[in-house]
Amino acid sequence: MSLLREIQASLMQENSDIGPVLLKLRFLASRLGSDFLEEWVKHEGEGYPKDVEVPDYRKLSISYKANFSGAFGTGIQNAPIPPVLIKQFCGEQWVDYEMRQSVAAIDDLLGGDGGTLELDASNLILLLQGKIYENMACNSVTGSLSKAALVELQYAVRSKILELTIELEKSIPAAIDVVIGATKHLSAADTQAVTQITQQVFHGDYTAITNSGDNASITLNVLAGDSGTVIAALKDAGIKETDATEFAKILDSEEPDGKDGPWGPKARTWLGNNLSKAASGVWKAGLTAATKVLTEAAMKYYGLK
């Protein structure tokens, strides 16, 4: 049986462990030549590092309750705090919880008692002090995640893997021929198509350059010395706006030194620190495409092309 069909069969088994499925999928990703897919499988199986943005399905809503005390022994216990107030007084980062743990760790969390998981929210005591109930002190804050949300996360991972294998089977017939113990070499076009399909499954439709081969040409509407056109072009290519803006500022702050492309020292350092976002899926552009887009943008900005 092909590796693709083995993965599908495992997913369809009731109460099957997702761990072995991820191992098979990681092996399949290596045979298909998709760094993007390999990175996704690695993060799901081992956990997401702090410098890697988690997918939307791993951002879970947090519920907050707090205890308040007032004069003459009055008080309110376990008072719900609306998310809009948490966002207003504490910041948007406190509204959603980024679940970075591996799928195995999530399985372990679901095995515990109770229907919720408590989070450390003690830092919110000072941020909410005097802002929820007038003349009442905030004594404690508790954040919690619903276990139902974790079950939905597990289902999302399974569902996306199944959707991915179905799309690969329909679009890339050669993917069905991959088996353990034999090496299957895909064409460059098929490899790029794997990355494109993977990105569409995990991030939805977008306008980006993801199917460019090594020798493909990329044309961007970038004007010499115009940072705004650099940012717009990179955004259209699937690079996050904050990163595009940061890159444009670096181009504006230095000149290329003629070493390894149209880069100055700051730009080379930035590339080393940020290109991993293409492989991990933070950017909606594959590694090859992102490299070409950034190079093209820099060359046009400096008037080298």
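Reply: Gladly! Let us begin with K300, which forms a salt bridge with E296; their closest N and O atoms are 3.9 Å apart. A salt bridge here is a side-chain nitrogen of Lys or Arg within 4 Å of a carboxyl oxygen of Asp or Glu. One caution: this is a predicted model, where local features need pLDDT of at least 70 and side-chain atom pairs count only at pLDDT 80 or more, while totals for chains, interfaces and linings use all residues. Residues are numbered from 1 along each chain as its sequence is written, and side-chain values use heavy atoms, with hydrogens and water left out.

Me: Where do K300 and E296 lie relative to each other in helix 13?

Reply: They are 4 residues apart in helix 13 (residues 287–301), so about one helical turn separates them. Helices (H or I, at least four residues) and strands (E, at least two) are DSSP runs, numbered from the N terminus.

Me: Is K300 buried or exposed?

Reply: Buried means under 20% relative accessible area, exposed over 50%, and partly exposed in between (1.4 Å probe, protein chains only). K300 has 16% relative accessibility, so it counts as buried, and E296 is buried too, at 6%.

Me: How many salt bridges does the rule give?

Reply: The count comes to 13. One of them links the side chains of K24 and E6, at 3.5 Å from N to O. K24 lies in helix 2 (residues 18–32) and E6 in helix 1 (residues 3–12), so this pair ties together parts that are 18 residues apart in sequence.

Me: Now the strands, please! Which strands pair with strand 2?

Reply: Two strands pair if DSSP finds at least two bridges between them. Strand 2 (residues 63–69) pairs with strand 6 (residues 137–146) in the antiparallel sense over 7 bridges. Strand 2 also pairs antiparallel with strand 3 (residues 75–81), over 5 bridges. Take K65 as a landmark: T142 stands opposite it in strand 6, and P80 stands opposite it in strand 3.

Me: What do strand 2 and strand 3 form together?

Reply: They form a hairpin, with 5 residues between them. In the turn, F72 has a positive phi of about 60 degrees.
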